[in-house]
Amino acid sequence: MMNHEPTMTRTTCPYCGVGCGVLATKEESGTIGIKGDPLHPANFGRLCSKGSALGETVDLEGRLLRPQVSGRNASWDDALDLVASRFSEAVRQHGPDSVAFYVSGQLLTEDYYVANKLMKGFIGSANIDTNSRLCMSSSVAGHMRAFGSDTVPGTYEDLELADLVVLTGSNLAWCHPVLYQRLIAAKTTRPQMQIVVIDPRRTMTADIADMHLAIRPDGDVALFMGLLGFLAGTSAIDQEYIDTHTSGFMAAVNAARQLSMADLVHKTGLDKRQLGAFFTLFERMQKTVTCYSQGVNQSVSGTDKVNAIINCHLATGRIGRPGMGPFSLTGQPNAMGGREVGGLANMLAAHMSIASVEDRNRVRSFWNSPDIASKPGLKAVDMFQAVADGRIRAIWIMATNPIVSMPDADAVKAAIKACPFVVVSDIVQTDTSRHAHVLLPSLGWGEKNGTVTNSERRISRQRPFLSAPGDAKADWWQLAQVGRKMGFGAAFQYESPEEIFAEHAALSAYENRGTRDFDIGAYAQIDKKTYETLAPVQWPQPRAASDQTIRFFGNGGFFHPDRKARFIAVQAKTSERTGNLFPLTLNTGRIRDQWHTMTRTGKSARLAAHIAEPFAEIHPSDAEDLGVASADLVELESTYGTIIVRASVTNRQMRGSVFVPMHWNDNFAAKARVDTLVAPLVDPISGQPALKTGTVVARKFAVASYGFAVSTAKPMNINLAYWALAKAQGGWRIEFADNETADWTQWARATFGIPAGIEPLGYHDRQSGDFRLAFFDEGKLLAALFTATKPVVVARSWMIEQLSCSHADLSKRFSIIAGRPGDTSADPGASVCSCFSVGVNQIISAVRSGCTTVAAVGAATGAGTNCGSCRTEIRGIIDGCNAVAAE
């Protein structure tokens, strides 16, 4: 028998906007080996914890494998005939604006291109918007106002070349970990580099900062207005650049000077000393990069925040040169690709403007389309409000889960449930797909074939290394088939993704005489072989393709008609809290090891080990006022809904605010969809929702019983007030609680599917209320359950390990009932390093044995040596051990 070498495929990570290269190897065992691609210029071989665990997320558990109509399997022809007929019928009866597409930054550029072409060029409506509206549309609007184009001026290399890196509204360590690694490496090489973190929370990123400014929520506009006003009186101003390449400088400065120091202190929450230190540092450091992300964008003043930042870089000429510039860090793997093809409701393809008659005619001519949208479509929040009130009669939702991610999420759920016709394309069943009339199985990562664009404008290939499961099809194929069935066959005769990419490239170059930033005309004639081997490349690429570092605007050349940039005279509008009904500011966001609504990361036991349940970070003083301790349950309520999550009491949180992650949904928790609390308030320019400044009231949730359990079988029909489910090695783990005491033996049998005849081993302490039991089948642990009147204290990591162990020895079974090993050194403790599954107890052991630095702990345990996202936690453990030793 011949031995076949494992096949290695170069592809791109499907998570954040860093766009890391991945080497995926299909092993003979069927497993997928994952490594960083050392040749990819985004990551040079580095990966984060999520990227490292990609091989654990490509199984077929829960995959959608067949088209479904009204919950029953159907053929592709029948399903797509129905989609085409219902969309066509709605257009005939109610006009083109009665239908909509809601798409995603998870789509490949080729998928996005066909969707945009079908909706805007052939259906004739601009009602196509994307979940990228929720993460970076304020950046797009700010770029357009300042530059005349949606252009990211710089490159990742600029972070490494800068003398000052300002991170505002960006938890780089957890949300863009590979860039964080690159930044740490640069600071290690160049210790003189200064890092400023501007964030209301003391995030893990703040721990590498030379200066942390715990700004008041939405104080960013005032801060950067104050900075501009300060800079205007210093030699840092580049008057030649301002005069030659910009307009509106004095109007912006005069607006900034309206704010007194007292105003700045009030609006930012920072004192005069902090403001002065930041302003002086920015003045002094010519090589300055300002990186910003969701903390800036997700605001009712998000666009003004972006322009306030850009104003400071234009005023100092610090843009488009090595180590200088404003830098928007996108959240999704192909949010940039979506922007390139016009995937937002207010854009045309190839960075052209829907407001421009010339651009509309140009795109219509290129597509040879019967019509083209003549006005912007509905942005995400408005789109689902139109679904709710009946203006939209048919909607196609692709690769996203708006019932979890949209603000006022329960209203979005009600709208989708009431919509006459809903189509969902996805890879698994989600909160949203449950309400689809037609459910279409799409290809997932490892099966898809196409391109994505990262935050530095670098186009990379996602390549397939797995066969399409069942009847799953590419999203572009689904859209092209519907286009044909709606009568637009000639325009949608695509047979491969390279045909679509070539057309996309040709449109970018069509009548483009250097007046549009996006131009990849070098690939307009790309063939299959070249497409298959296409290396990562940064645009623009107007002629012969070459991978080079390209920056915009160092010598002007903006894209307004006069080729000048615009200063924007912004206003600092800080919302004042009125009344005490909802006294806390709600900040939502991401955590290190999960992604969006967990459809992919929720499959990985390793990723679930770090943080296994939804939580609310609460300042100790607020917690004391509420009578809440860490590990209690807390109920958060707003005008729009309520959730129940675990309390995490920490000084990292600003007083008066709470932070809750956005990932948990009804597949993984009882009542934790945090966006049900968020008001549907948006930036008036970008339409981006304000997901960082909700208002809530918090209260301790009364609990009769807390519990923790592990099980080889997935728990089903969990009917409790609180539960949070997570994948574990060898099975599942569940945290739970209820405001009543149940018959836990019967509950466990029903929930974990324990066969009849298997009796539990356990005990019940009636005085303390502790209840523990375990079910074994011939030495194998099927399930173990622990309940108490207070949060359960159990060696959780060790308990999970027992799902994969033999327990024929009775003494081992008694250890399971005890919830901890007889030898405490066997318990790794709570997970700190997801990449190598290293627990807190293992790190403490290393410290006690003489490891006094993060590097030494890494050498001893492996922790922190891969993605680096846990290094701050490791440093905290070392400091804690040292403090105990000093006592």
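I began with Glu637, which forms a salt bridge with Arg699; their closest N and O atoms are 2.8 Å apart. I counted a salt bridge where a side-chain nitrogen of Lys or Arg lies within 4 Å of a carboxyl oxygen of Asp or Glu. Glu637 sits in strand β23 (residues 633–637) and Arg699 in strand β26 (residues 694–700), so the pair ties together parts 62 residues apart in sequence. I took helices (H or I, at least four residues) and strands (E, at least two) as DSSP runs, numbered from the N terminus.

I noted the ground rules next. This is a predicted model, where local features need pLDDT of at least 70 and side-chain atom pairs count only at pLDDT 80 or more, while totals for chains, interfaces and linings use all residues. Residues are numbered from 1 along each chain as its sequence is written, and side-chain values use heavy atoms, with hydrogens and water left out.

Buried or exposed? For accessibility I used these limits: buried is under 20% relative accessible area, exposed is over 50%, and partly exposed is in between (1.4 Å probe, protein chains only). Glu637 is partly exposed at 26% relative accessibility. Arg699 is partly exposed too, at 32%. I then found a network: salt bridges that share partners join Glu613, Arg646, Arg733, Glu735 and Arg796.

Glu56 forms one with Arg606, with the closest N and O atoms 2.6 Å apart. Glu56 is in the loop between α1 (49–52) and β4 (68–69), and Arg606 is in helix α23 (residues 605–608), so this pair ties together parts 550 residues apart in sequence. Glu56 is partly exposed at 30%, whereas Arg606 is buried at 17%.

I also looked up Arg133, which forms a salt bridge with Asp129; the closest N and O atoms are 2.9 Å apart. Arg133 is buried, at 1% relative accessibility. Asp129 is buried, at 0%.

**Pocket and cavities**

On a 1 Å grid over the protein atoms alone, a cavity is a set of points where a 1.4 Å probe fits but cannot get out; a pocket is an open set with protein on both sides within 12 Å along at least five of seven lines; lining residues have an atom within 4 Å of a point. Grid points are joined across faces, edges and corners, and a volume is the space filled by probe spheres set on the points.

The largest pocket has a volume of about 1300 Å³. Of its 46 lining residues, the closest to the centre are His610, Ile611, Ser648, Ala830 and Ser831. Which element gives the most to this lining? It is α30, with six residues. I sorted residues by class: Ala, Val, Leu, Ile, Met, Phe, Trp, Tyr, Cys and Pro are nonpolar, Asp, Glu, Lys and Arg are charged, and the others, Gly among them, are polar. The pocket lining divides into 20 nonpolar, 12 polar and 14 charged residues.

I found eight cavities of 30 Å³ or more.

**A sheet**

Last, I checked an open sheet of three strands, ordered β1-β2-β3 with antiparallel pairing. Two strands pair if DSSP finds at least two bridges between them. The edge strands, β1 (7–12) and β3 (32–36), each pair on one side only. Six bridges join β1 to β2 (residues 21–26). Arg10 has Leu23 in β2 as its bridge partner.
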